[in-house]
Amino acid sequence: MLYGIDNFDKNGFAYPFKLSKKYSDKQLQEEYYNFQNQCKEHLNYPVSLKPNLLSTFFDELAFDKNVIDEVKKIIGDDIYIWSSAFFPKEVGEGKIVSFHQDNPYWQLTSNNVVSAWIALTKSNKQSGALSVVPGSHKNGLIKNIDVKNARYSYLNGEKTTPEKDLLSYSQNLDEYIQKYPPKHLELSPGEFSIHHVNTVHGSGINNSSTPRIGFAVRYISSDTKHLIEKKGDSAIHVCGKKNSYFSDESRPNKNFSKQSIINHEKSMKAAGAFGNKKYVFKK
């Protein structure tokens with residue numbers, strides 16, 4: 001297949017894949033909104049980062065067998081979930097994700113890092129699908145972002161991008177995108193794509209009549225660390241060898257249990273809880 005996993009090294013992405021469990025389109029969308037309603041009830045604020053630590057459903061998606069099997073083919077058998085996030089675009093909001101590479105934002109020590117982007121609703125060109133530049137992962141760091149140190153800027157709650165940009169900082173890749181047009185990764189609910197940490201990607205405005213919601217899970221090899229957090233970080237061990245550098249984040253056994261809320265609050269201090277101040281938990 002042209003964009004299958006066998007061509008990941010060439011393209012820097014692969015798609016489309018299906019989750020191992022069949023969900024109805026309605027269920028996937030409703031699970032997202034039910035989750036946010038529970039956030040209001042139990043936390044009094046919305047959650048975009050690491051929702052799988054609070055929800056058994058999104059934990060199930062992050063550990064989906066088909067996702068993990070494809071991730072293993074790329075980064076090996078020793079895997080952690082370092083982070084996860086929702087990317088919702090409601091009708092008429094005008095939200096975008098400006099084009100960027102993940103590496104300068106995440107500041108990790110290796111390239112054994114991939115993201116699985118799981119479609120909770122239909123994702124196509126009109127609704128603002130994830131778009132990638134084929135082969136861009138081979139270029140290394142194309143351009144620095146507009147803050148000196150992403151980790152410190154996240155901790156300080158800084159945001160340099162426009163309000164409707166779901167990114168906090170800009171890599172200013174407009175000229176690159178004009179030279180190398182991106183490909184839209186159109187997905188149906190329950191399908192997912194995978195992309196490399198250096199692949200240039202972004203997404204446009206949702207011009208459709210329905211929400212466009214994605215759930216992204218970031219998988220790293222066990223020997224990958226954070227460049228700034230020398231003393232350690234936290235993540236969820238998935239399989240294979242563990243690394244004492246990571247404190248284990250706990251999977252939830254019940255939605256929004258007292259312990260899972262405590263675990264989530266604690267995880268918001270970790271490097272994988274990046275994002276602008278609207279998404280980062282503050283006591």
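Which loop holds Glu229? Select it and you land between strand E9 (212-221) and strand E10 (233-239); strands (E, at least two residues) and helices (H or I, at least four) are DSSP runs, numbered from the N terminus.

A quick heads-up: this is a predicted model, where local features need pLDDT of at least 70, side-chain atom pairs count only at pLDDT 80 or more, and totals for chains, interfaces and linings use all residues. Residues are numbered from 1 along each chain as its sequence is written, and side-chain values use heavy atoms, with hydrogens and water left out.

Glu229 has 22% relative accessibility, so it counts as partly exposed (buried is under 20% relative accessible area, exposed over 50%, partly exposed in between, with a 1.4 Å probe and protein chains only). Now show Arg151: its side chain and that of Glu229 are joined by a polar contact of 2.9 Å (a pair of N or O atoms within 3.5 Å, where one must be able to donate a hydrogen and the other to accept it; residues adjacent in sequence count only if both atoms are side-chain atoms).

Next, pick Thr224, also in the loop between E9 and E10. Is Thr224 buried or exposed? Its relative accessibility is 0%, so Thr224 is buried. Its side chain makes polar contacts with the side chains of Ser110, at 2.5 Å, and Ser221, at 2.7 Å.

Last stop: helix H8 (residues 258-267), whose buried residues include Ile261 and His264. Look down the H8 axis: the buried residues fall within an arc of 160 degrees (taken from the directions from the axis to the C-beta atoms), so they line one face. Lys258 and Lys266 are exposed on the other side.
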